[in-house]
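Here's a quick briefing to read with the model open beside you. Take a look at the structure first, then work through the points below.

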Amino acid sequence: MTGKHCIVVGSGIVGASVAWHLVAAGARVTILEAAEVGGLATRDSWAWINASWGNPEPYFRLRLRSMQEWQRLQREVPGLGLDRCGGLIWDLPPDQLEAYAQEHGSWGYDLQRVDAAQALQLEPAIRNAPDFALYAAQEGKVEPLVATQALLAAAHGLGATLRTGMQATALARHDGRVHGVRANGALLEADEVVLAAGTGSAPLLAGLGLHYPIHAPAGLLVHSKPTRPLLRKLLMAPGLHVRQTAEGRLVAGADYVGSIEGQDPAQLAHTLFSKVRALVAGADALEMDFFTLGHRPTPGDGFPLLGRPGHTAGLYLAVTHSGITLAPAAGRFAAQELLHGVRDPLLSPYHPDRLLQPAPAA
Ligand SMILES: Cc1cc2nc3c(=O)[nH]c(=O)nc-3n(C[C@H](O)[C@H](O)[C@H](O)COP(=O)(O)OP(=O)(O)OC[C@H]3O[C@@H](n4cnc5c(N)ncnc54)[C@H](O)[C@@H]3O)c2cc1C
């Protein structure tokens, strides 16, 4: 059924993708944003689009599908800026890197084993090229805020309304069905409410007695001043992930989540930046401009929460880590489920209620 009125809470990349897919499929869409348009975690993301190591096969398959959905979106949404530049990875010991190549290769991930000479051909700017690395040609990146703004603009072009300064404070429920959102003292009615509010989703759900663990670990990224083109690829070196942005900044984290593990942020930023200088030829005189500290919305088990929380009619939850990679699939699948009642099989392991917790004792 189309013609539904859907309220999407949150204008980060996940909310923007859900909103665009809903409005493109014929729904009437209102996006509510409490803070800055374009999200919180989203603007501070490293934005590597990948299905890389360390994940079980079902999650790999969801990520791989979303990488394909990025290419579709790139054709459908002007100004998205998807750059399938490829990723060169050697952030594991060689035996583990080889195990990753074998496992993910058997799952259909396109990984090429490269030696130091081949690594340098792919990325001439590496100092001390590794003897063994893997090259994933289909991996890529976006500038996360640019891509999110492009999705929001395209959704607006199709008729979606973006309301800023709108803090959702409660979900309105009657006879077991959510029928709207309270924001800025008013009740906004809708056929469906989608919570894509990142770490802001848990308190709204708790108001209905639905408790989910959604954590907000900090992640730090250092940004150089803009410079001439130095890097072609995403580089995942031990203890340092670095890429170059569209405006020419080198942006780096200690790993792809930019974990800070209790370290002093300013100190960590300077340490990281010296590693950038050591790794990238031509970056010797480059200056650090600033660092960012983002907070990743992270469900308790690390996997997405996509579906109707508590099987509540009128309500959908879309919260995930790796939201840059997963936004296109999350948006497409959420719209399909909300408008046509069809749940994609790739979402089977990711229904929110696997993490539904009893109410905390008073
Ligand atoms: C340092 C770092 C590195 C990362 N690297 C990668 C990576 O390489 N690849 C990858 O795929 N992912 C990466 N991620 C994760 C990715 O950035 C996030 O998963 C993604 O941005 C989450 O998007 P979101 O829209 O769910 O959340 P957000 O961007 O946080 O957006 C949520 C929005 O909801 C709004 N909101 C909250 N509560 C309310 C309310 N009550 N009413 C109205 N609005 C509300 C907020 O203001 C915000 O705008 C990284 C994250 C960080 C921090």
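Two strands pair if DSSP finds at least two bridges between them. Helices (H or I, at least four residues) and strands (E, at least two) are DSSP runs, numbered from the N terminus. What you have here is a predicted model, where local features need pLDDT of at least 70 and side-chain atom pairs count only at pLDDT 80 or more, while totals for chains, interfaces and linings use all residues. Residues are numbered from 1 along each chain as its sequence is written.

- In S11, Leu-188 is the bridge partner of Val-181.
- Strand S10 (residues 177-183) is joined to S11 by 4 bridges, and the two run antiparallel.
- Put together, 3 strands make an open sheet in the order S9-S10-S11, with antiparallel pairing.
- Strand S9 (168-174) and strand S11 (186-189) are the edge strands, each pairing on one side only.
- From one strand to the next, the twist averages 35° (axes are lines fitted to C-alpha atoms, for helices over the stretch in contact, and angles run from 0 to 180 degrees between N-to-C directions).

**Two domains**
- The domain assignment gives domain 1 (5-44 + 145-213 + 299-355) and domain 2 (87-137 + 217-295); such bounds come from an automatic or database domain assignment.
- Taken over C-alpha atoms, the centres of domain 1 and domain 2 are 32 Å apart.
- The contact takes 4 residues from domain 1 and 4 residues from domain 2 (in contact means C-beta atoms, placed from the backbone, within 7 Å).

**Around the ligand**
- Where does the ligand lie? Domain 1 and domain 2 both give residues to the shell around it, so the ligand lies between them.
- There are 44 residues around the ligand, and Gly-12, Gly-39, Gly-200, Gly-294 and Gly-323 come nearest (a residue is near a molecule if its C-beta atom, placed from the backbone, lies within 6 Å of it).
- Elements giving two or more residues to this shell include helix H1 (13-24) and helix H8 (323-340).

- Phe-303 sits in the loop between strand S19 (298-299) and strand S20 (305-307).
- Is Phe-303 buried or exposed? Phe-303 is buried, because 20 other C-beta atoms lie within 10 Å (20 or more counts as buried, 12 or fewer as exposed, and in between as partly exposed, with C-beta atoms placed from the backbone).
- Leaving aside neighbours within four places in sequence, Phe-303 is in contact with Tyr-59, Pro-349 and Tyr-350.
- Phe-303 and Pro-349 are 46 residues apart in sequence, yet 8.8 Å apart in space, C-alpha to C-alpha.

Note on methods:
Contact = placed C-beta atoms within 7 Å.
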